[in-house]
Amino acid sequence: MGYKKPSFIERMAEKIGLIQDLHSAKEENPLPSLTEPGKLTKFPPLDQWDDWVEYEATDHPRKVKKNYTIVPTTCFNCESACGLTAYVDKETMEVRKFEGNPYHPGSRGRNCAKGPATINQITDPDRILYPLKRVGKRGEGKWERVGWDEVLEVVSARMRKAIKEERHNEIAYHVGRPGHEGYTNRVVQTWGVDGHNSHTNICSSGARFGYNIWYGYDRPSPDHANAKFILLISAHLESGHYFNPHAQRIIEAKMKGAKLATMDPRLSNTASMSDYWMPTYPGSEAAVLLAMAKIILQKGLYNRAFLENWTNWQTYLEKRHPGTEHTFENYIEKMIGEYEEYTPEYAEKESGVPAATVVEVAIKIGEAGEKFATHNWRAAASGNLGGWCVSRCLHFLNVLTGSVGTVGGTSPNSWNKFKPKFHTTPPGQKFWNNVHWPEEYPMSMFEMSFLLPHLLKEGRGKMDVYFSRVFNPVWTYPDGFSWMEQFMDEEKFGLHIAMTPTWNETAFFADYVIPMGHASERHDLNSYATHSGMWIAFRQPVLREAARRAGKHVEFTYEVNPGEVWEEDEFWIELSWRMDPDGSLGIREHFLSPYRKGEKITIDEYYQYIFENTKGLPAAAKKEGLTELNYMRKYGAFEVEKHSYSKHEFKLSAEQMAGADIDEKSQVIRKDGKDIGVMVNGEALVGFPTPSRKNEFYSQTMVDWKWEEYAIPTYIKSHIHQEKLDWDKGEYVLVPTFRLPVLIHSRSANAKWLTEIANRNPIWMHPQEAKRFGFKTGDLVRLNTDIGYFVDKVWVTEGMKPGVIACSHHLGRWRRKQDKGNRWGTNTVDIQHDGNGGWKMQTTSGIKPFQSKDKDSKRIFWADGGVHQNITHAVHPDPISGMHCWHQRVRVEVPHAEDKYGDLFVDTNKAHENYKEWLKLTRPGPGPDGLRRPLWFKRPLKPDTKAYYVENMDENGRVKRELG
Ligand code: SF4
């Protein structure tokens, strides 16, 4: 950091002790790193982390010294896993604050507001400190404290019984916030169950499908920092995916002259920082992108080498234009022909973005060429029927400009993400769980998790042992009352264990609520594609490390955490060990120490093994005289690769090629039954993990799985397309997918600083629409969805596209009067059920000050906790990607006489009917050869290949015995 000369006033203030003296190099000053002119540092120097001295802020102006040990860990408040450093008071052994970790290659010492707010979460007076067991009826709100031993005994016995009785498909692990490279997936696979379920189909499956169908990777990794032109279809500067790591690199690029364009119907902070704000009508983005693609093609701004070498154009011509000579020129000509109707004027008609802007941005993109970075995460891809076309058409622009895997371009996320090596790899499960992977959605990117209540209601299965892990579907998902109904039914959910660091609306309906740690209280390994390099980070329980530094032995992390807060890693080891006491289930063998024969693995051994097998880490650790584990305990992160570009062009070695066959027509290289590469211009290269090993402009997979009309990138009109709404009846599209930057999905209500900043979610409405209804800011509005309604307040703003309304996703948290927790951010509600699917919720009290050990709880000045809109949303499963299409058709009404702020109503019978309507849109499997799913598509927990074939399975969803 550069040295800035102090002003006269600063000097005087320092002299008389009003502010700390940062400029005089006095010998006696206890903070040497901050004293020498020109030596100001942003972070405490590493050599002082074990004994860092600061003045106690609350004792100011007295200079009371505090000694800290600084322990690195990572944030758990979004997926980015930015580096944090915890300041542990050496006297009390309590964490006092969190700051950034400068040694973390992704976040580089920086955090958003949610990182430091971790301190709120760990000191929250309402947090769950001990394992709890339900007493009374499910959902009644009565709990008693139990020990970890009881939880482990009861749960492991029930799981063992289910497995012995071959009811494997009745065990499920349902994850909300993940955040550990492969740990729990591996654990679930050791149980032999097809029981992984995730939140992904309400989050990112739409975008993932669009990317996957192109190149076999399901996420992008833009190299923002080196880009010339950045196109975002979401709000990455303020809240989008990999928020802080991306935001800092986007700004870096802008400071070097890059231009930024954003498609968003809302004037987000990101849009306001952009050079081009394109407020597209929701769902029209793919039409705009195709118009741009055509301009790039027509103006010859495409990258011939990339298109020629890395797209499957010969297949395209052969299948789609038989008889056409296979020349590159014909490829370009036919492509232009495919998109004849996608003129700038058509794009304007669909989106509302002026045709001239579409042309201008397209030309800029073409000129940026290989330095064109793009990202779409949730946003449009998660809002619309056919939302997956948005990322498919966005990637099309990368393909055309050849900016795939380039400096300043956009790489596949897997190139920038580390894959750990485990001490054992369990075999693929021999089951296929139709409740998670129903036949109607054979191409679904992830499990159809948001349909679970409806699938159970139809009698398709049962959850005998169900773990919800940092997962809150009653609140976060659409149609939460259907979840509530099913959770209350003990025939459907036998034993529900909520693993959560904080109370939530789903935990209210569990049988056990077991407290899992926040960021600084748990072990996890993280690696995310935040930029063009590759890193790993170690989320460690900081008090455990502080105890180790102080020479204390800790066996289980709950011994040092607040109360008896534990963590999943150790819990899973203990649970799995007990499930298989004699090793006969084949589970125990995966929990044996790789260092001590026949003994149970410890958590330290688990990580030591991974770190020992991390490229470059042993050498880095050796240089410092440390074990690999101690290196990670010290720095909290390690850079595995500085840059990772053009990995598709890696050459296959002679050893890899030995015994391989080359398909004469496709030039795909095959070995031992697996595709390993492709011949390009006479060289054997790795390529992409698609059937052609190239980017597939033409997708045979789409054709094979009955969606021939979508064989090439296209545009599908959304379920909320303007043609489908009746404006005269007051119908609008509600955009409910955005987040305020300080909110953590359903985990902000335990963070007082964050809740203080953001606690309301009014309806964003353009003055033009407000005028139509006579609304002004603060007025009540009733929004009728397909299954009910909710009553919110209006915020009149020109920051919203006319004709579209919006509501932030992450507010409206609640508890009933019998429930506990999250008093910083929850309304108290009354819920009434008419016994026939009708559910009514009313807010009985807003947020109020309360008495607790935290003095701030008496100082709460905000009363409004927002409105729970999600629960009134109908499920909208995209028939191809499986993504829940979040945007809702709503009928806007002035409030009825009886309406009060926060009122809402849902009819779950209607919700089920609505589910069936959307089910009709599907084209069920099996596909070619009786496959349940394309074999080349990923699954989080990949079963044995035999399980992919319908004919191989018995009535229990198990691979038939004779097949093993
Ligand atoms: S972006 Fe913010 S919430 Fe996400 S990991 Fe980084 S600091 Fe935490």
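The lining of the second largest pocket divides into nine nonpolar, four polar and nine charged residues. Here Ala, Val, Leu, Ile, Met, Phe, Trp, Tyr, Cys and Pro count as nonpolar, Asp, Glu, Lys and Arg as charged, and the others, Gly among them, as polar. The model is predicted, so local features need pLDDT of at least 70 and side-chain atom pairs count only at pLDDT 80 or more, while totals for chains, interfaces and linings use all residues. Residues are numbered from 1 along each chain as its sequence is written, and side-chain values use heavy atoms, with hydrogens and water left out.

**Second largest pocket**

- A pocket is an open set of points on a 1 Å grid over the protein atoms alone, where a 1.4 Å probe fits, with protein on both sides within 12 Å along at least five of seven lines; lining residues have an atom within 4 Å of a point.
- The volume of this pocket, the space filled by probe spheres set on the points, is about 580 Å³.
- Its lining has 22 residues, and E94, V95, I119, I122 and T123 lie nearest the centre.
- At least two lining residues each come from strand 4 (95-100), helix 2 (118-123), helix 19 (542-549) and helix 26 (752-757); helices (H or I, at least four residues) and strands (E, at least two) are DSSP runs, numbered from the N terminus.
- Helix 2 gives the largest share of this lining, four residues.

- In strand 10 (residues 229-233), five of five residues are buried, meaning under 20% relative accessible area with a 1.4 Å probe and protein chains only.
- F229, L231 and I233 cover one side of the strand, and I230 and L232 the other.
- In a regular strand the side chains alternate between the two faces of the sheet.
- Strand 10 runs parallel to strand 11 (residues 259-263), joined by four bridges; strands pair if DSSP finds at least two bridges between them.
- F229 has K259 of strand 11 as its bridge partner.
- Five bridges pair strand 10 with strand 13 (residues 372-376) in the parallel sense, and I233 stands opposite N376 there.

- Four strands form an open sheet in the order 21-22-23-24, with antiparallel pairing.
- Strand 21 (661-662) and strand 24 (683-685) are the edge strands, each pairing on one side only.
- Strand 23 (residues 674-680) is joined to strand 24 by three bridges, and V680 stands opposite E683.

Note on methods. Buried means under 20% relative accessible area, exposed over 50%, partly exposed in between (1.4 Å probe, protein chains only).
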